Amino acid sequence: MLLYDLVNAKRAHFSPNSWRARLALLHKGLAFEVRDVLFGDIPGIHSGGDKLTIPTLSHDGKLVTDSWAIAQHLDTAFPDTPRLIPAGAEGHVLKFFQYWAQTTIHGGIARLILKDLHDSLDPADQAYFRASREKMYKTTLEDLQAGREDRVDAFRKSLQPLRLALGDGPYICGEQPGYADYLAFGGFMWARVSSPFQLLLADDPVHAWRERCLDLYEGAARRERAA
Ligand SMILES: N[C@@H](CCC(=O)N[C@@H](CS)C(=O)NCC(=O)O)C(=O)O
């Protein structure tokens, strides 16, 4: 299997959604290779059809794009490995959690680090990234990130559901990590690789959980070059 993943100027993997897919593959103990790409390479990946996003997984001649679709594909293709998405109602609740992570974690982090992320990208990607993200957020990257020291506390407070869930810890999924952990952790890897800005306080249970996630699978995430 081949995982297409984005890299920045230092060739570090920063995509939050790719970290979900990477940890999903490791969770299942599956072997895979990584093909590093820039944003500018993405249109060249597909062989016709819809625009792909990163992560995209190539398996058995088929391209699977979108991290949730990749998790579903891995559950179907490798039924004898630990499952990521439960069947039935629990799977739908997990999807709700994905949307919470996307809105609260990714949405909150974007407003704290996106200018730093831009600066960390390969120069060939910077103009595209700025234009697309400024259109998306309807403001400049500088204005999006401005005043973050005053706003980071509100972000930390917004993580309260995660903090409460970790009271039953050590992982969101309980004694062992699972896909909900990877859904939430991807955003923190996005920040770690892209920006030196301190998101979490050292005494926050979310900080301790993030440390545990960094150590999973022989420190796969911790080995990635941080900003
Ligand atoms: N829902 C998708 C989102 C994927 C996504 O938006 N990926 C970004 C990188 S993290 C991307 O490929 N962007 C392409 C672009 O902005 O041109 C998933 O979870 O995989």
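**Ligand contacts and sheet architecture of the predicted model**

In this predicted model, a backbone N or O atom of Ile-54 lies 2.8 Å from a nitrogen atom of the ligand, a polar contact being a pair of N or O atoms within 3.5 Å (within protein, one must be able to donate a hydrogen and the other to accept it, and residues adjacent in sequence count only if both atoms are side-chain atoms). Residues are numbered from 1 along each chain as its sequence is written, and side-chain values use heavy atoms, with hydrogens and water left out. As the model is a prediction, local features require pLDDT of at least 70 and side-chain atom pairs count only at pLDDT 80 or more, whereas totals for chains, interfaces and linings use all residues.

Around the ligand there are 14 residues, of which Ile-54, Asp-66, Ser-67, Tyr-128 and Arg-133 come nearest; a residue is counted if one of its heavy atoms lies within 4 Å of the molecule. Pro-55 is found in the loop between strand 2 and strand 3.

The strands (DSSP runs of E, at least two residues) and helices (H or I, at least four) are numbered from the N terminus. Four strands form an open sheet of mixed pairing in the order 2-1-3-4, where two strands pair if DSSP finds at least two bridges between them. Strand 2 (33-37) and strand 4 (62-65) are the edge strands, each pairing on one side only. Strand 1 (residues 2-6) pairs with strand 3 (residues 56-59) in the antiparallel sense over three bridges, and Thr-56 in strand 3 is the bridge partner of Tyr-4.

Helix 1 (residues 16-27) packs on the sheet and touches strand 1, strand 2 and strand 3, contact meaning heavy atoms within 4.5 Å. The direction of helix 1 makes about 150° with that of strand 1; axes are lines fitted to C-alpha atoms, for helices over the stretch in contact, and angles run from 0 to 180 degrees between N-to-C directions. Helix 2 (residues 67-77) also packs on the sheet, touching strand 3 and strand 4, and its direction makes about 25° with that of strand 3.

Arg-11, in the loop between strand 1 and helix 1, has a positive phi of about 60° although it is not a glycine.
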